[in-house]
Amino acid sequence: LARQQSDNLDAAVVLIKASHKAVVLAHINPDGDTLGSALGLALGLRQLGKEAEVFCADTLPENLAFLPAYGEIRTQGPLPPDVDLVVLVDASDISRFGTLSQGSEGFCARAACLNVDHHTTNGRFAAVNLVDPTAAATGEQIFALLGALGVDIDPAIATCLLTAVVTDTRGFRTASTTPRTLAIAAQLHAKGAPLADIVQSVYYNRPFTTLRLWGLALERLRCRDGVAWTEITLAMQAQVGATPSEGDGVIDLMASLRQVTAVALFRETPEGIKVSLRSTDGFDVSAVAARFGGGGHPRAAGCFIPGGLAAAEDKVLQYLAERAAAP
Ligand code: 5GP
Ligand code: MN
């Protein structure tokens with residue numbers, strides 16, 4: 001595996017060095033890892049004299065507005081027709097890029113296509129795939145890639161990548177955090193990334209409506225046979241005046257429960273139900289998410305189920321209970 005990864009790193013470096021005009025795509029429901037990784041890479045590519053733009057086909061979280069070059073992120077396609085490199089970061093399948101993935105066969109065939117990702121469920125959909133499930137964040141992989149490209153990690157790039165690492169490890173608290181994660185974070189901090197400011201912006205910067213929404217969600221918390229779950233409906237969002245992304249932290253509160261096998265959050269959207277899953281110990285929720293067309297990591301995964309709330313809850317909770325009962 002290590003050999004293959006270094007081969008792929010070499011192949012990625014060759015692809016990038018041959019390119020002149022790149023786009024870097026962040027996934028929908030964007031988080032600190034996908035945006036920090038995409039922006040950090042784009043800034044690195046610009047330092048090498050290349051044109052590079054970041055695209056994300058979704059609403060951007062306001063609490064990440066401090067990220068360097070955040071204001072330049074394009075939230076709508078189409079991608080420029082003359083790009084010769086497409087980099088897709090922090091996603092295991094092409095549908096995670098939303099409307100940008102429409103016609104993706106086209107852009108992946110026309111331009112060199114590189115996927116940098118750390119999900120176990122990665123489908124290796126690009127020409128070159130840098131996939132490392134031992135990385136706590138895609139930001140760790142971008143750090144290695146920029147190193148291999150000879151990019152100087154300036155304070156702006158360091159800020160992007162440290163944000164990626166801090167957010168995907170929930171502030172270095174996840175089991176995915178390794179000595180390498182901490183070593184990279186230490187280097188990024190030393191290169192000028194303001195750790196305390198990043199933590200402040202991400203975790204201590206919440207609108208009043210966010211905590212009111214969390215209160216409504218926690219009020220509906222239920223637990224049966226080691227599985228705890230709750231939901232956020234469109235009506236609950238409207239009641240407190242919260243936007244959809246304000247429900248993002250609820251699953252982490254739920255994951256702090258003791259003596260549960262798994263937790264599930266069901267969020268209503270106009271198109272269907274967004275499901276977030278977390279587990280402790282050995283229970284693999286990425287397999288549960290994959291069963292419903294999603295994916296993720298063993299301890300943090302998600303999927304999207306068209307249709308109504310009750311149907312999605314029934315299906316997922318029943319499958320969770322079956323898997324949890326299996327030896
Ligand atoms: P979250 O619950 O925070 O949205 O996502 C948890 C993890 O599962 C993340 O690593 C995310 O990339 C992955 N994930 C969430 N939703 C989906 C989905 O619909 N499809 C896939 N493939 N992965 C998802
Ligand atoms: Mn990630």
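In sorting residues by type, Ala, Val, Leu, Ile, Met, Phe, Trp, Tyr, Cys and Pro count as nonpolar, Asp, Glu, Lys and Arg as charged, and the others, Gly among them, as polar. On that basis the shell around ligand 1 divides into 4 nonpolar, 8 polar and 4 charged residues. The model is predicted: local features need pLDDT of at least 70, side-chain atom pairs count only at pLDDT 80 or more, and totals for chains, interfaces and linings use all residues. Residues are numbered from 1 along each chain as its sequence is written, chains are lettered from A and ligands numbered from 1 in the order in which they are written, and side-chain values use heavy atoms, with hydrogens and water left out.

**Ligand site**

A residue is near a molecule if one of its heavy atoms lies within 4 Å of it. Ligand 1 is surrounded by 16 residues, and the closest are Asp 93, His 119, Lys 274, Ser 276 and Arg 278.

| Side chain | Distance to an oxygen atom of ligand 1 |
|---|---|
| Lys 274 | 3.2 Å |
| Arg 278 | 2.8 Å |
| His 297 | 3.3 Å |

On its own, ligand 1 has 490 Å² of accessible area, and the protein covers 84% of this. Accessible areas come from the Shrake-Rupley method with a 1.4 Å probe; for residues, only the protein chains shown count as cover.

Helices (H or I, at least four residues) and strands (E, at least two) are DSSP runs, numbered from the N terminus. At least two residues of the shell come from each of β9 (272-279), β10 (295-296) and β11 (300-306). The most come from β11, which gives 5 residues.

**Chain as a whole**

The protein chain has 12 helices and 11 strands. Its radius of gyration, taken over C-alpha atoms, is 19 Å, close to the 20 Å that the globule rule gives for 327 residues, so the chain is as compact as a globular protein of that length. That rule is 2.2 Å times the number of residues to the power 0.38. The C-alpha trace spans about 55 × 40 × 40 Å along its principal axes.

Buried means under 20% relative accessible area, exposed over 50%, and partly exposed in between (1.4 Å probe, protein chains only). Of the 327 residues, 51% are buried. The accessible surface of the chain is about 14500 Å², and carbon and sulfur atoms hold 54% of it. A contact means heavy atoms within 4.5 Å. Among contacts with a separation of 6 or more, 65% are between residues 24 or more positions apart.

**Backbone and loops**

Most residues other than glycine have a negative phi, and most peptide bonds are trans. Gly 77 and Pro 78 are joined by a cis peptide bond, with omega about 0°. Pro 78 lies in the loop between β2 (51-55) and β3 (85-89), and Ala 69 also has its place in the loop between β2 and β3. Phi of Ala 69 is positive, near 70°, and this residue is partly exposed at 23% relative accessibility. Asp 90, in the loop between β3 and α3 (104-110), has a positive phi near 65°. Asp 90 is buried, at 2% relative accessibility.

Note on methods
Polar contact = N/O pair within 3.5 Å; in protein donor to acceptor, adjacent residues only side chain to side chain.
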